[in-house]
Amino acid sequence: MFSGPLRWASSEGVFLFQVPDDEHLLSTEIVILLSSSLYAIQIFFNKGQIKFNNEDLNIIKLSFHPPYTTQEDEDEKKGYVIHSAFKDGICVQSIFLADQATNQLSEFESAFLDSVVNNLLETLVKEGRSVSDIPFLKDRRVIDEIEEMLHEIDTKYQSLAASWSLAVGPDAETTRFDFPHVLYNGKIRVEELFYDLGDRAIESFSQLLMSNEEKNVLYKIAKSLVNLSGLLYENQKTDSIKEDKLNFSHSEIILESTITKRLFRLDVRS
């Protein structure tokens, strides 16, 4: 059964709301921590503190895999997938159970969140307001309109995603979120999607063609992702998993370059 996503928005890092407002999938405290942490990671990219091929990058999708112990356990557990849209200080994100976030759904959710952010920014311009004003608007009208829209779309989400995919056409069959699972020895890897992995995979931190400053930023991002994975799964760990010395976290980010729209995968493991 499709349980639906949990979505939230922040203004310059300040948590605004979540839809639905009950503790769906995650507690509100965890959502707030996720919101601020993911916003901080996005700022690293937004400020150009790290670039691939000298291009600025945006986060599109993040995958947080369950703590790994054995292959049998891995196959039975449900991970989380987070989609993210960011522009001019507004960040709108959603989280799905991994087994519900199909490629078709991810394509739609990415486009949908972009439209939500653009709609919110357009509304602010019409109201003569700035992004930093949002948390202090007494009548909450701007926020309420976005919340209402998110509630409405959830009632017909799956049919909308299917209709959107048909409207996009046959090109959507080659989803931009598909990539093979490749084992590697390093803890941090960056690869460009759709290139031959034998030629393109960067298997160790020392091989990354970046300045020391960029490597420091990348390390901070990787460390943050490991911490967020621990936050998401802390309450799900059994005593046996906590005692398993092979237990480690695994997170992935899909990034899009702002000019050429090339996609990159940042793979992080503890």
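Predicted model: local features only at pLDDT ≥ 70, side-chain atom pairs only at ≥ 80, totals over all residues.

Colleague: Let us begin with the cores. How many residues does the largest nonpolar core have, and which have the most contacts inside it?

Modeller: As a general idea, nonpolar side chains in soluble globular proteins tend to be buried together. In this structure the largest nonpolar core has 34 residues. Leu34, Ile221, Leu232 and Leu255 are those with the most contacts inside that core.

Colleague: Which helices and strands each supply at least two residues of this core?

Modeller: The helices are α1 (28–46) and α7 (212–233). The strands are β1 (6–11), β3 (57–68), β4 (80–87), β5 (90–97), β7 (248–257) and β8 (263–269). Of these, α7 gives the most to the core, with eight residues.

Colleague: Which residues does Leu232 touch, if those up to four places away in sequence are not counted?

Modeller: Leu232 touches Leu26, Ile30, Leu34, Phe64, Tyr80 and Ile95.

Colleague: Let us turn to charged side chains. How many salt bridges does the structure hold?

Modeller: The structure holds four salt bridges. In one of them, the side chains of Arg7 and Glu109 meet, with 3.0 Å from N to O.

Colleague: Why does the pair of Arg7 and Glu109 tie together parts that are apart in sequence?

Modeller: Arg7 belongs to strand β1 and Glu109 to helix α3 (residues 103–127), so their pair ties together parts that are 102 residues apart in sequence.

Colleague: Are Arg7 and Glu109 buried or exposed?

Modeller: The test for buried is a relative accessible area under 20%. Arg7 has 0% relative accessibility and therefore counts as buried. Glu109 also has 0%, so this residue counts as buried.

Colleague: How far apart are the closest N and O atoms in the salt bridge of Asp56 with Lys51?

Modeller: In that salt bridge the closest N and O atoms are 3.7 Å apart. Asp56 is partly exposed, with a relative accessible area of 29%. Lys51 counts as partly exposed too, at 28% relative accessibility.

Colleague: Which residues are linked in a network of salt bridges?

Modeller: The network links Glu252, Arg265 and Asp267. Within it, Arg265 forms a salt bridge with Asp267, and their closest N and O atoms are 2.6 Å apart. Arg265 is buried at 1% relative accessibility, and Asp267 is buried at 0%.

Colleague: Finally, how should I read aromatic pairs, and how many does a search of the whole structure find?

Modeller: A pair of aromatic rings is described by the distance of the centres and the angle of the planes. The search finds three aromatic pairs. One of them is tilted: Tyr39 and Phe86, at 5.8 Å centre to centre and with 55 degrees between the planes. Tyr39 lies in helix α1 and Phe86 in strand β4, so this pair ties together parts that are 47 residues apart in sequence. Both Tyr39 and Phe86 are buried.

Colleague: Which arrangement do Phe108 and Phe112 form, stacked or tilted?

Modeller: Phe108 and Phe112 are stacked, at 6.1 Å centre to centre and with 10 degrees between the planes. Both lie in helix α3, four residues apart, about one turn of the helix. Phe108 and Phe112 are both buried.

Definitions and conventions. Residues numbered from 1 in each chain as written. Heavy atoms only, no water. Core = buried A, V, L, I, M, F, W, Y, C linked by side-chain atoms within 4.5 Å. Buried < 20%, exposed > 50% of the residue type's maximum accessible area, 1.4 Å probe, protein only. Contact = heavy atoms within 4.5 Å. Phe/Tyr/Trp six-rings, centres within 6.5 Å; stacked < 30°, edge-to-face > 60°.
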